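Welcome! Take a look at it first, then read on.

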Amino acid sequence: MKHIISALVQNQPGVLAHVAGMFAARGFNIDSLVVGRTEDPELSRMTIVVIGDDRVLEQVRKQLGKVVPVVKVRDFAATPCVQRDLMLIRVHTPPPKRPEVVELVNLFRGRVVDVARDSVLIELAGTEEKIEAFIDLVRPYGIRELARTGLIAVPRGG
Amino acid sequence: MTAKRKRKQAGPGTLAGATGAEVFEAMLRAEGVETLFGFPGGAVLPIFDVLYKSPIRFVRSRHEQGAVHMADGYARSTGRVGVALATSGPGATNLVTGLATANMDSVPLVAFTGQVKSFLIGNDAFQEADVTGITRPITKHNYLVKRVEDLGRIVREAFHVARTGRPGPVLVDIAVDATVGTLAGEPDVEPNLPGYRTRWEPNMKQVKAAAEAINAAERPVLYVGGGVVIAGATDALRALSETAQIPVTTTLLGLGTMDESSPLALQMLGMHGTATANYAVQECDLLIAVGARFDDRVTGDIETFAPHAKIIHIDIDPASISKNVDVDIPLVGDAKEILERMNEYVRPQDRAAWGERIADWKQRYPLRYETDGDVRPQELIERLGELTDHDAIVATGVGQHQMWAAQFYGWRRPRQILTSGGLGTMGFGCPSAIGAQAGNPDKTVIDIDGDGSFTMTMVEVITAAQNNLPVKFVVLDNTYLGMVRQWQEMFYGRRYSGVDHVCPDFAAIAEGFGAKGMTVASRDAMDEALRAMLAHDGPVVLHVKVSPEENVYPMVAPGKGLHEVDLGKLA
């Protein structure tokens, strides 16, 4: 099962290495890992997507909690939360095909952020499922280049 | 460590205007450091210049691995934080084995290494190595200090992290310019560790549930590890065992938490544990694990481990709980605090039937060995226990001699055995014994070592001789790497591959190193040799030529359950 682990960490040199090193040393598989600043300049947030059973995830949470610069660990598996992944994707679009692709972009509420002679660069944010669905739809046109941020998540209010 | 024992730390005094090296030395004194083990070099010259006039005692090893094992032996035997110091590059990489050893056995240690100038880091400078990168997975935490302003706080954090919670080694890598630079004002040395947790309030509901389980059990067993030593929970443990008549088996690192002369002591369990301890675990209806981690050398085949038992697990490391076995009553926190609170709810019982069952096993399956004209290592260790009133501090290397020491010395108190349990580091015995002697000048300190292990780090006998540390090194020479040979005999058709060797004349080497050297080769001369060794007031290397193909029994073969323990040919 896929788990989204959110860890608040001290904003210090080496903290990413401490966390990534622990995952590697303990044999945990990281699906994606995002690090970014938070509202507090002393803290960063790491959002880590991990695949594993309950036993593995319990160890992931506990071992993460033991990393000294890690301040707080949450597992969003049972928490309703808003999840976003951001993708930039360049799709092969000879001019006759361009309207079809742009229509897909609009349907998915994405944006075309760069247009070249035979390709467009598309920006799309959303859940992982939405991103995957879009990739499947544009795959037949030819994907030239693709970059994703990996998932970030924040629990819903109330 | 509990909050109750937390003391207000002395400040280092004013540091304004001090150099980084002076800050380092002042912070060490503020942490109560009396002895430092290490080896100098280019990147730590400013620190050594300050140590020149410092009251801190400096013990120079002959190799950095020796220094870190000395600090480890000092820490295990005294309960204080051991401190090691080495230079950058090769000095630092030579610490690696010692840090990993301390990490596996939860030993509080702080290692300082010099680093090249901060602006040269990453340039492949002379004697540069990415030491924080190398040591990250084998330390509890580590730091790279680039600015003198951060040094005081980081030293304080390092000691705090090393000694609290589940202790462990912390490495602090200091760029040389951070030791040369001076402080403009007073630095902030308060730890900044918002996510570091050292204390878990015992869950009283769980404590009572555990006590009720103990009261209801018919055949309980206490399975005790090094966590009880670290927590200082020996008295609480023995009180629980006595009150409720619960037999106690210990791990290798838990030896001494139980007085082995007690009828309630089952001695060590696991691969080379006593048959009684292993049978008791397999038959018990309640297993109370305290400060132990269900290591594979302890459990044997995990599927058949303690099959009838409900399991209580007390540990300060939440990640140790339900890692290897599923636990019925987990209790996270300080072992002493939890046991003391639990003892208030535990009813006195006599458990006569269980006691008889155990006494019967003990009588039928004692630890045994053959006797003839050869020196039998088991007998020698047993005699060593008797001749030292079971009161010496004993270090070991790793292998057969380590297991025999565990089985035959006769442990009486915690912090008595210094042995590399988790990592299994050959070469640990000689330097760790020296470190222990430095921290316990009035105790008899013995290194019971094998010829293979001893040869790895015996150069430190020079350190013992030159620092007047009267360690007794007993080197059991069977002309093989005995434990590997035993496995080749048992599991590889007696194809002895890469294990035989000719030992040097250890007594002659000892004399050359400035210690006393002795050799004994027959059972008849053994007692006299041991007495002469113990009576000598300086360091001694006793070269003992023992029966070459002795095997360690009992043995639970790898993959087997504890009930399948092989008692050997004397069964």
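This is a predicted model: local features need pLDDT of at least 70, side-chain atom pairs count only at pLDDT 80 or more; totals for chains, interfaces and linings use all residues.

**Chain A overall**
- Chain A contains four helices and nine strands.
- Starting at the N terminus, the elements of chain A follow the order β-α-β-β-α-β-β-α-β-β-α-β-β.
- The C-alpha trace of chain A spans about 55 × 35 × 30 Å along its principal axes.
- Of the 158 residues in chain A, 27% are buried.
- If you take the contacts in chain A between residues at least 6 apart in sequence, 72% of them join residues at least 24 apart.

**The two domains of chain A**
- Chain A splits into domain 1 (2–78) and domain 2 (82–155), and the C-alpha centres of these domains lie 28 Å apart.
- Where they touch, domain 1 of chain A contributes eight residues and domain 2 of chain A contributes seven residues.
- On the domain 1 side of this contact, β1 (2–10), β2 (30–37) and β3 (43–51) of chain A each supply at least two residues.
- β2(A) gives the most to that side, with three residues.
- By class, the side of domain 1 of chain A that touches domain 2 has five nonpolar, three polar and no charged residues.

**A helix in chain B**
- Helix α7 of chain B covers residues 148–163, which is 16 residues.
- From first C-alpha to last, α7(B) reaches 24 Å, close to the expected 22 Å.
- α7(B) is mostly covered, with 15 of its 16 residues buried.
- After α7(B) comes G165(B), which has a positive phi near 60 degrees.

Note on methods: Residues are numbered from 1 along each chain as its sequence is written. Chains are lettered from A and ligands numbered from 1 in the order in which they are written. The expected span of a helix is 1.5 Å times one less than its number of residues. A residue is buried if 20 or more other C-beta atoms lie within 10 Å of its own, exposed if 12 or fewer, and partly exposed in between; C-beta atoms are placed from the backbone. Domain bounds come from an automatic or database domain assignment. Two residues are in contact if their C-beta atoms, placed from the backbone, lie within 7 Å. Ala, Val, Leu, Ile, Met, Phe, Trp, Tyr, Cys and Pro count as nonpolar, Asp, Glu, Lys and Arg as charged, and the others, Gly among them, as polar.
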